[in-house]
Each structure stands twice: as C-alpha cells, then as structure tokens.
Amino acid sequence: MAYNLLKGKRGIISGALDENSIAWKVAEKAHEEGAIFVLTNAPIAMRMGEINELAKKTNSKIIPADATNVDDITNLFTQSQEILGGKIDFVLHSIGMSVNIRKNVPYPELDYEYYTKGIDVSAYSLHKMLSVAYKLDAISEWGSVVALSFIAAQRTYPFYTDMADIKALLESITRSFGYYYGKHRNVRVNTISQSPTKTTAGNGIKGFSDLYDFADSVSPLGNASAESCADYCITLFSDLTKMVTMQNLFHDGGYSSTGASAEVIEKIGKGK
Ligand SMILES: NC(=O)c1ccc[n+]([C@@H]2O[C@H](COP(=O)([O-])OP(=O)(O)OC[C@H]3O[C@@H](n4cnc5c(N)ncnc54)[C@H](O)[C@@H]3O)[C@@H](O)[C@H]2O)c1
C-alpha cells in the first residue's frame with residue numbers, strides 16, 4: 001500500500017546489485033511512493049546487468065559511479081540534477097565491501113591494504129558523497145541522506161572483522177556531517193542499523209547463516225527484512241521525519257535491546 005510519501009521528491013539510490021539488495025527494495029518502494037530518482041552503482045557491478053531491469057521497472061536512469069572516486073561522484077550529482085530537473089531531496093548510501101571479509105582474513109591478522117580499501121569503499125564514500133553535494137549545493141533544504149550500518153559498530157562480532165571498525169566510522173561521519181549539513185541547509189543525515197539480511201554482501205560473511213538464525217531467535221519480532229528496511233528508509237526520506245538527524249537508528253526487531261531470549265537459552269540449556 002502506497003501513501004504518496006515521496007510525491008515530487010528527487011533522489012539518488014546507490015547499491016542495487018540484484019533483487020535481494022536492500023537498495024533494490026528501496027528503489028521499488030520509492031517509485032511506489034511517487035519519487036523520481038537516479039540509480040547508481042560501481043561500473044563493475046553494471047556488468048551483471050540486473051540493474052537495467054530495475055531501471056526499466058522504476059522508469060529511472062542509471063549513472064555508473066565508483067563511490068571511492070570524487071570525479072565520478074561529482075558527475076553523479078551534476079547529472080542527476082540535470083536528469084531529475086532540480087536539487088536532490090534524498091540520497092541512499094547502500095554501499096559496503098571488505099576484502100578482508102571476502103578473503104576470510106581474521107581480525108588480528110588484517111591486511112592493511114584491504115583494510116584501507118574497505119574504509120574507502122564503505123565509509124569515506126559517504127563523506128565523499130556528502131562533501132561533493134555540499135560543494136555543489138546539490139541537496140535541497142530539509143533533504144535526507146540515509147546510510148546502512150550494522151550493530152557490530154557497537155558490539156563485537158568476530159567474523160565481521162574490519163567492517164565493525166568501518167561501520168563505526170560510517171556512523172561517526174553521519175554525526176559529524178549531520179551537524180555541518182544541518183547548520184548549512186537543514187539537511188539531515190542518519191544511519192539505519194539493519195538486521196542480518198540475506199543479500200550478496202550479507203551472504204559473503206563467514207558464518208552468516210548461523211548469525212542470521214541467532215539474531216532471528218534473539219529478536220522478539222524476528223529479523224527485519226530488506227522490504228521493511230526499505231519502508232523505514234522511505235519514512236526517513238519523507239517530510240514526516242524532518243527533525244531526525246545525526247542518529248543511528250536500530251531496525252532489528254528489538255535485537256539491540258534484548259539481552260537473552262528464551263529460545264536461545266533453551267537451545268544452549270542442554271535439557272537441564
Ligand atoms: N546484508 C546484511 O546483513 C546487512 C546488515 C546491515 C547493514 N548492511 C549494509 O547494507 C548495505 C547494502 O548491502 P546489501 O546487504 O544490500 O548487499 P549488496 O551486496 O546487495 O549491496 C552492496 C552494494 O555495494 C556496491 N558497491 C561495492 N563497491 C562499490 C563501489 N566502489 N562503488 C559503488 N558501489 C559499490 C555493490 O555493487 C552492491 O550493489 C551495505 O552498507 C551493508 O554493509 C547489510
């Protein structure tokens with residue numbers, strides 16, 4: 001059911017790789033809610049071609065951009081304003097990649113080149129997007145920027161290795177830039193800390209399926225799906241959340257506030 005929450009709004013949505021991507025669901029919902037937007041992803045991700053299907057379905061254009069490259073991001077914001085006919089009202093940063101995770105490197109042995117790459121792709125990229133938009137004055141007054149995070153920024157999950165540190169930086173950039181952009185143009189910047197979700201990035205984490213089941217048994221509401229995450233993003237892009245900024249917002253079915261659930265205790269109780 002749509003509510004026209006984004007009627008007349010212009011956006012940029014990054015990170016839709018395939019139909020499991022959180023960004024894919026956000027694009028579908030934003031379209032349903034009346035927004036017009038540009039889709040973007042790394043040039044290498046275009047090769048898979050699935051994003052063309054989403055562009056067709058949502059009547060949107062695609063602008064390839066490597067989120068680590070300031071020239072690409074400048075082109076993204078410049079062209080998006082031309083295509084959409086004005087300043088941008090909302091931006092989704094849905095970008096994450098760790099070479100250390102991909103290569104199963106344990107935390108005490110992190111490869112520093114991989115670490116640097118992960119920071120650049122998954123955290124500096126938010127700073128770069130915000131910085132380019134700030135310089136170009138590309139985001140409209142009361143615009144909204146949302147990036148996606150994970151609770152490993154606050155608590156340790158061994159297999160999440162360097163991404164835990166990277167998400168902590170992402171959340172810090174959100175607060176710091178949220179201050180400057182709030183003062184400058186009333187633009188709000190938030191992260192959503194999402195439940196484990198079965199996507200390409202999620203499934204790439206060692207032991208992900210067990211983590212997914214664990215979080216599902218801890219959360220009183222169960223894990224939040226990609227679709228419900230998209231719904232939450234839409235509310236943050238809408239005018240109904242104008243005073244929410246510089247926050248890390250847990251979207252996890254209650255996981256972050258639960259110490260232990262009866263289900264997990266029973267599972268490890270060995271019948272005693
Ligand atoms: N899946 C989960 O369990 C989970 C949980 C919490 C947060 N998140 C976060 O959600 C976001 C989206 O991930 P997802 O789970 O939808 O997986 P996904 O694999 O579908 O999306 C990740 C996207 O990042 C893009 N990307 C990678 N390098 C890039 C670059 N250099 N430039 C531009 N784009 C690049 C990929 O092409 C891909 O589209 C990520 O920030 C991820 O860390 C995921």
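Trainee: Does aspartate 137 count as buried or exposed?

Mentor: One counts the other C-beta atoms, placed from the backbone, within 10 Å of the residue's own: 20 or more make it buried, 12 or fewer exposed, and anything in between partly exposed. Aspartate 137 counts as exposed because it has 12 C-beta neighbours inside 10 Å. Keep in mind that this is a predicted model, in which local features need pLDDT of at least 70 and side-chain atom pairs count only at pLDDT 80 or more, while totals for chains, interfaces and linings use all residues. Residues are numbered from 1 along each chain as its sequence is written.

Trainee: Where is aspartate 137 found, and what is its phi?

Mentor: Most residues other than glycine have a negative phi. Aspartate 137, although not a glycine, has a positive phi of about 50°, and it is found in the loop between α6 and β5; such helices (H or I, at least four residues) and strands (E, at least two) are DSSP runs, numbered from the N terminus. Asparagine 4 is another residue other than glycine with a positive phi, near 60°; it is found in the segment before β1 and is exposed, with 11 other C-beta atoms within 10 Å.

Trainee: Which residues does alanine 138 touch, not counting residues up to four places away in sequence?

Mentor: Contact here requires C-beta atoms, placed from the backbone, within 7 Å of each other. Alanine 138, which also lies in the loop between α6 and β5, touches Phe77, Gln81, Lys87, Ile88 and Ala133 when residues up to four places away are left out. Alanine 138 is buried, having 21 other C-beta atoms within 10 Å.

Trainee: Phenylalanine 77 brings us to a helix, so which residues are buried in α4?

Mentor: A helix is read first by its length, with an expected span of 1.5 Å times one less than its number of residues. Helix α4 (residues 70–84) has 15 residues and should span 21 Å, which agrees with the 21 Å between its end C-alpha atoms. Its buried residues are Ile73, Leu76, Phe77, Ser80 and Leu84. After α4 comes glycine 85, whose phi is positive, near 80°.

Trainee: Which are the buried residues of α10, and what covers them?

Mentor: Helix α10 (residues 226–237) has twelve residues and reaches 16 Å from its first C-alpha to its last, close to the expected 16 Å. Ala226, Cys229, Ala230, Cys233, Ile234, Leu236 and Phe237 are its buried residues. Seen down the axis of α10, they fall within an arc of 160°, so they line one face of the helix. Their cover includes β1 (10–14), α1, β4 (88–93), β5, β6 (188–194) and β7 (248–251).

Trainee: Which residues of the largest nonpolar core touch the most other members?

Mentor: In soluble globular proteins, nonpolar side chains tend to be buried together. A nonpolar core is a set of buried Ala, Val, Leu, Ile, Met, Phe, Trp, Tyr and Cys residues joined through C-beta atoms within 7 Å. The largest one has 67 residues, of which Ile13, Ala16, Val26, Ala27, Phe37 and Cys233 touch the most other members. Phenylalanine 37, leaving aside neighbours within four places in sequence, is in contact with residues including Ile12, Ile13, Ala27 and Ala30.

Trainee: Which residues come nearest to the ligand?

Mentor: A residue belongs near a molecule if its C-beta atom, placed from the backbone, lies within 6 Å of it. There are 27 residues around the ligand, and Ser21, Gly96, Thr199, Ala201 and Gly202 come nearest. α1 (22–32), β5 (139–149) and α8 (200–203) each supply at least two residues of this shell, the largest share, three residues, coming from α8. By class, the shell has 13 nonpolar, 13 polar and one charged residues, where Ala, Val, Leu, Ile, Met, Phe, Trp, Tyr, Cys and Pro count as nonpolar, Asp, Glu, Lys and Arg as charged, and the others, Gly among them, as polar.

Terms used:
Arc of directions from axis to C-beta. Contact = placed C-beta atoms within 7 Å.
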